[in-house]
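Student: I would like to learn how to read a fold from its sheet and its cores. Could you take me through an example?

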Amino acid sequence: MKFENITKNTTRKSEIKGLETATIIAERQVLPIGDITVFTDTDGSPQPFKVEQADVDVLAKSIKTYGQLTPVTVRKQKGKKKYQLLSGHKRYFAMLQNGERTIDAKIIDCSDEKAVEIITNANIQRDKPKPSELNAMYHFYKNGIGEDQSVTELSAMFNVSAKTLYRCIHLDDLINELVELVDNEKISTMAIEIIDELDGTQQKVLADFVTIEEKLLTPSVAKKIIKMADEGIEFTVENIKNYLAPKKSEKEKKKYSYEFFNSLASENPDRYDMNEQELNSLVKMLLDNYFASTF
């Protein structure tokens, strides 16, 4: 999905933002993998980015062959012999999958606020996040930091446009099925603010429609669907299809070149299954018979 004004450079930076001001306890140390837990914010929410199993599988095979090349980043939990994972989630899950008992880690000391900043920026530097991840990242950062920062300020931090982030926040108003369709690029991010006007039942119908049609739901199409809902038309998949179907022009509706034939056909469409040449021949024959019997 092409987010508006998103930074084109998706390569990982040498240093994650936030780490430069953290206290480094150890650059690389072997830790028992069981002593590491995934970081959660003050509300108990986990880090906002999904770890795809396919990516973990690929990385697990690589680690089996070449070993762990890059350490994960953890912070020491105060008063405990445990650590919280801040970056390197795929490596962590890959090594768990491989049954590893130890893991190489960079150990730092930092505040909760700094931990949230490191997690957020570590994920920003990987592949472009999905809309649902940007939404989760927004809430994760707001919950973790607790500051009243504007969407504009956070969008600059997340390296996306304010409009993109604002649209992603509106995913809160969509059912899960529609959120998945947005993530899978079946619904344009620019259509999110439009379709969130629908109630839950209507959204379920829309999700079924988009899934069946297998076409990108654009803002223009979304506006037509909202107009249909506003007109009070029963909200069904079939009605959406009919409502969006291109209206035939007058020329397309006309079956014959002669307006008289078209008027007859419109009155009795079942009778006029002949093409124009056949109809002309029939008219000629009837006229010939008429004139032959008259004169």
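Tutor: Gladly! A definition comes in handy before we look at the sheet: two strands count as paired if DSSP finds at least two bridges between them. Please keep in mind that this is a predicted model.

Student: Which secondary-structure elements does the chain have?

Tutor: There are 14 helices and 5 strands. Of the 295 residues, 40% are buried.

Student: What is the order of the strands in the sheet?

Tutor: The general idea is that strands of a sheet pair through backbone hydrogen bonds, either parallel or antiparallel. Here the 5 strands form an open sheet in the order β1-β5-β3-β4-β2, and the pairing is mixed. At the edges are β1 (23-32) and β2 (36-38), each of which pairs on one side only. From one strand to the next, the twist averages 40°.

Student: Which strand pairs with β2, and in what direction do they run?

Tutor: The partner of β2 is β4 (residues 83-87); 3 bridges join them, and they run parallel. Residue by residue, Thr37 stands opposite Gln84, and Val38 stands opposite Leu85.

Student: How many bridges join β3 to β4?

Tutor: 4 bridges join them, and these two strands run antiparallel. Here Lys76 faces its opposite number, Tyr83 in β4. The two strands form a hairpin with 6 residues between them, and in the turn Gly79 has a positive phi of about 75°.

Student: Is β4 mostly covered or exposed?

Tutor: Mostly covered: 5 of its 5 residues are buried.

Student: How should I read an aromatic pair?

Tutor: A pair of aromatic rings is described by the distance of the centres and the angle of the planes. The structure holds 1 such pair. Tyr92 and Phe93 are its members, with 5.2 Å centre to centre and 70° between the planes, an edge-to-face arrangement.

Student: Now for the cores. Which residues have the most contacts inside the largest nonpolar core?

Tutor: They are Leu178, Ile187, Ile195, Leu206 and Phe235, in a core of 26 residues. Helices α7 (176-183), α8 (192-195), α9 (200-213), α10 (219-230) and α11 (237-244) each supply at least two residues of this core. Leaving aside neighbours within four places in sequence, Leu178 is in contact with Ile187, Ile195, Gln203, Leu206 and Ala207. Apart from this core lies another, of 22 residues, including Ala22, Ala115, Val116 and Leu165.

Student: What does Ile212 contact beyond its neighbours within four places in sequence?

Tutor: Ile212, found in helix α9, is in contact with Val237 and Lys241. Ile212 and Val237 are 25 residues apart in sequence, while their C-alpha atoms are 8.9 Å apart in space. For the whole chain, among contacts between residues at least 6 apart in sequence, 69% join residues at least 24 apart.

Student: And what does the accessible surface of the chain come to?

Tutor: About 17,500 Å², of which 50% belongs to carbon and sulfur atoms.

Terms used
Residues numbered from 1 in each chain as written. Predicted model: local features only at pLDDT ≥ 70, side-chain atom pairs only at ≥ 80, totals over all residues. Heavy atoms only, no water. Axes fitted to C-alpha atoms, helices over the stretch in contact; angles between N-to-C directions. Core = buried A, V, L, I, M, F, W, Y, C linked by side-chain atoms within 4.5 Å. Buried < 20%, exposed > 50% of the residue type's maximum accessible area, 1.4 Å probe, protein only. Contact = heavy atoms within 4.5 Å. Phe/Tyr/Trp six-rings, centres within 6.5 Å; stacked < 30°, edge-to-face > 60°. Areas by Shrake-Rupley, 256 points an atom, 1.4 Å probe, with all protein chains shown as cover.
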